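Hello,

Here is the structure I promised to pass on. Have a look at it first, and my notes follow below.

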Amino acid sequence: MASARRPLVAGNWKMNGWRRSAEELAKIIAGARELSARIDIAVCPPATLIADFAACARGSAVMIGAQDCHAEASGAFTGDISAEMLKDAGAQAAIVGHSERRSTHNETDAQVRAKALAAWRAGLLAIVCIGETRAEREAGETIAVVGRQLQGSLPDGATAENLVVAYEPIWAIGTGLTPTPADVAEVHGVIRQRLGDRYGAAGQGVRILYGGSVKPANAGELMHIANVDGALVGGASLKAEEFLGIVNVYR
């Protein structure tokens, strides 16, 4: 874990949560207060909750993010939400290219790249997700897939301030399965090399998160692997106790 890169633990609530879920957010805010000097913490709720959560988190150590954004700033795109709208609601970051968006909405690398650019345009931190399927891993294509997604999904001009990369092996999301520490180290090492090759010194500062069935029980091992700068947490981020159990790895 590189001390020069400030860790980030981000919770992706997916299509879960109600206005009353602000009670869980309040617990996360309280529990994260002591760690604010060491790490960054983000909660990405459904779009319906961003404004309420941003108001609740104002002045705290927790930033509120979105789970997606449209590439355009405005227009005739029924049902979509622009990065500028998310910023206006109080979001500070946006996840783009999550595997569930890539698979169920058929999002391409080019579309993910456009969304990352939109996030930057609105002044949001872009958390760009990449990762292979089980079939691709079993075929020995993990590094090729990750390399292709990095090349196609990341815009030029990335810095430590505007980009986070999240590696999420798709076969590990919500399955309880996790790659071995050696597997994670290999992929994160490749991502770090590719970021350095493309962005130079700036690429060395870009944080790489691991995502894929991260829980309090395995967070300690995963978060201390080389080039793992934090976690993108799914189901375990819905309950403050579980999420803080992961965050507290950095205590």
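This is a predicted model: local features need pLDDT of at least 70, side-chain atom pairs count only at pLDDT 80 or more; totals for chains, interfaces and linings use all residues.

Is Glu24 buried or exposed? Its relative accessibility is 16%, and because buried means under 20%, Glu24 counts as buried. Beyond its neighbours within four places in sequence, Glu24 touches Trp13, Leu238, Lys239 and Ala240.

Glu24 also takes part in the packing of two helices. H1 packs with helix H11, residues 240-247, at an angle of about 25 degrees, and their axes are 9 Å apart. Since angles under 35 degrees count as roughly parallel, H1 and H11 are roughly parallel to each other. The crossing of H1 past H11 is right-handed. On the H1 side, the contact is made by Glu24, Lys27, Ile28, Gly31 and Ala32, while H11 supplies Ala240, Phe243 and Leu244. Sorted by class, this contact has five nonpolar residues, one polar and two charged.

Lys14 is not a glycine, yet has a positive phi of about 55 degrees; Lys14 sits in the loop between strand S1 (8-12) and helix H1 (22-32). Asn106, also a residue other than glycine, has a positive phi near 55 degrees. Asn106 lies in the loop between helix H4 (99-104) and helix H5 (109-121), and with a relative accessible area of 57% Asn106 is exposed.

Best wishes

Definitions and conventions. Residues are numbered from 1 along each chain as its sequence is written. Side-chain values use heavy atoms; hydrogens and water are left out. Helices (H or I, at least four residues) and strands (E, at least two) are DSSP runs, numbered from the N terminus. Buried means under 20% relative accessible area, exposed over 50%, partly exposed in between (1.4 Å probe, protein chains only). Contact means heavy atoms within 4.5 Å. Axes are lines fitted to C-alpha atoms, for helices over the stretch in contact, and angles run from 0 to 180 degrees between N-to-C directions. Angles under 35 degrees count as roughly parallel, over 145 as roughly antiparallel, 65 to 115 as roughly perpendicular and the rest as oblique. A crossing is left-handed if the near helix is turned anticlockwise from the far one by less than a right angle, and right-handed if clockwise. Ala, Val, Leu, Ile, Met, Phe, Trp, Tyr, Cys and Pro count as nonpolar, Asp, Glu, Lys and Arg as charged, and the others, Gly among them, as polar.
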